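Please read it alongside the sequence and the coordinates.

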Amino acid sequence: MEPLERETQVAAWLKKIFGDHPIPQYEVNPRTTEILHHLSERNRVRDRDVCLVVEDLKQKASEYESEAKYLQDLLMESVNFSPANLSSTGSRYLNALVDSSVALETKDTSLASFIPAVNDLTSNLFRTKSKSEEIKIELEKLEKNLTATLVLEKCLQEDVKKAELHLSIERAKVDNRRQNVDFLKAKSEEFRFGIKAAEEQLSARGMDASLSHQSLVALSEKLARLKQQTIPLKKKLESYLDLMPNPSLAQVKIEEAKRELDSIEAELTRRVDMMEL
């Protein structure tokens with residue numbers, strides 16, 4: 001079908017649907033036209049089905065009227081009885097009988113039709129009650145599950161609030177630590193430049209390079225190593241002092257150890273004096 005023909009059919013269908021009312025504004029494009037055309041086709045099919053159902057109902061109503069008239073004429077001919085001759089109570093009973101037959105969907109008002117219909121209605125009632133009890137039990141289970149779910153949801157909300165509070169505290173701590181680290185980095189950089197500037201200034205004034213910060217650190221480390229080296233020498237000296245069999249040899253060893261210890265102490269003193277400067 002051509003797009004122009006489809007748009008024409010859609011416009012005609014909308015005019016038929018809204019009648020005297022204005023048609024709402026919509027964007028005319030191939031997509032909307034296709035959707036509206038599809039809806040119009042479905043509406044046309046539905047209208048056709050409805051018309052068929054209406055015609056069928058009309059035909060059945062006509063058949064029922066004809067059958068009712070036939071039965072009424074037959075009743076008049078057989079027992080000379082007419083609904084118009086009934087009393088008001090009899091009319092109410094007859095209407096109640098007809099309404100019951102219509103409600104039970106029986107083919108006539110005989111007991112052979114009413115009893116199975118009532119039995120089916122009773123069975124449906126029991127099935128409905130049983131189904132209602134099952135639904136009630138299921139509903140109670142759902143209510144319990146809903147209550148448990150609501151309690152769990154409340155607990156989860158509390159946990160989320162606690163987690164958010166803890167997260168905010170930890171985030172504040174991290175921010176504070178980051179600021180401290182940034183501050184320490186800035187100070188370290190400032191001290192490094194200050195030390196470098198001071199060393200350059202002292203070097204310009206003729207300061208010995210051995211008194212620089214790095215040299216002093218190296219001397220401090222060497223001093224610590226020398227102190228560690230004196231420990232076994234002192235223990236060795238003490239062991240020599242305990243020697244009794246050969247006093248002269250021991251005295252020689254003691255003198256050697258003393259001289260070595262004095263040399264180390266002198267070196268230590270010189271290093272310490274240099275560090276203090």
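The sections below treat the basis of the model, its secondary structure, its salt bridges, its aromatic and nonpolar features, and its cysteines.

## Basis of the model

The model is predicted: local features need pLDDT of at least 70, side-chain atom pairs count only at pLDDT 80 or more, and totals for chains, interfaces and linings use all residues. Residues are numbered from 1 along each chain as its sequence is written, and side-chain values use heavy atoms, with hydrogens and water left out.

## Secondary structure and burial

The protein contains six helices and zero strands, where helices (H or I, at least four residues) and strands (E, at least two) are DSSP runs numbered from the N terminus. Read from the N terminus, the order of elements is α-α-α-α-α-α.

Of the 277 residues, 11% count as buried. Buried here denotes under 20% relative accessible area, exposed denotes over 50%, and partly exposed lies in between (1.4 Å probe, protein chains only). Threonine 33, a residue of helix α2, is buried at a relative accessible area of 7%.

## Salt bridges

Across the whole structure, seven salt bridges are found; the criterion is a side-chain nitrogen of Lys or Arg within 4 Å of a carboxyl oxygen of Asp or Glu. One of them joins glutamate 41 to arginine 44, with an N to O distance of 2.8 Å. Both residues belong to helix α2 and are three residues apart, about one turn of the helix. Glutamate 41 is partly exposed at 26% relative accessibility, and arginine 44 is partly exposed at 48%.

Another salt bridge pairs arginine 48 with aspartate 49, their closest N and O atoms being 3.9 Å apart. Arginine 48 is partly exposed at 47% relative accessibility, as is aspartate 49 at 37%. In helix α4 (residues 111-204), arginine 178 and aspartate 175 are separated by about one helical turn because they are three residues apart. These two side chains form a salt bridge whose closest N and O atoms are 2.8 Å apart. Arginine 178 has a relative accessibility of 46% and counts as partly exposed; aspartate 175, at 32%, is also partly exposed.

## Aromatic and nonpolar features

A pair of aromatic rings is described by the distance of the centres and the angle of the planes. Rings of Phe, Tyr and Trp (its six-membered ring) pair if their centres lie within 6.5 Å; planes under 30 degrees apart count as stacked, over 60 as edge-to-face and the rest as tilted. The count of aromatic pairs by this rule is zero. The charged end of arginine 192 does, however, sit over the ring of phenylalanine 193, 4.8 Å from the ring centre. Such a contact requires NZ of Lys or CZ of Arg within 6 Å of the ring centre and within 35 degrees of the ring normal.

Ile23, Tyr26 and Val28 make a nonpolar surface patch of about 250 Å². Patches consist of residues with over 30% relative accessible area and no salt bridge, like charges being joined within 9 Å and nonpolar side chains (Val, Leu, Ile, Met, Phe, Trp, Tyr) within 5 Å. Accessible areas come from the Shrake-Rupley method with a 1.4 Å probe, and for residues only the protein chains shown count as cover. Tyrosine 26 occupies the loop between α1 (3-18) and α2 (30-79) and is partly exposed, with a relative accessible area of 36%.

## Cysteines

How many disulfides does the structure hold? The number is zero, a disulfide being a pair of cysteine sulfur atoms within 2.5 Å. Cysteine 51 is partly exposed at 47% relative accessible area, and cysteine 155 is partly exposed at 40%.
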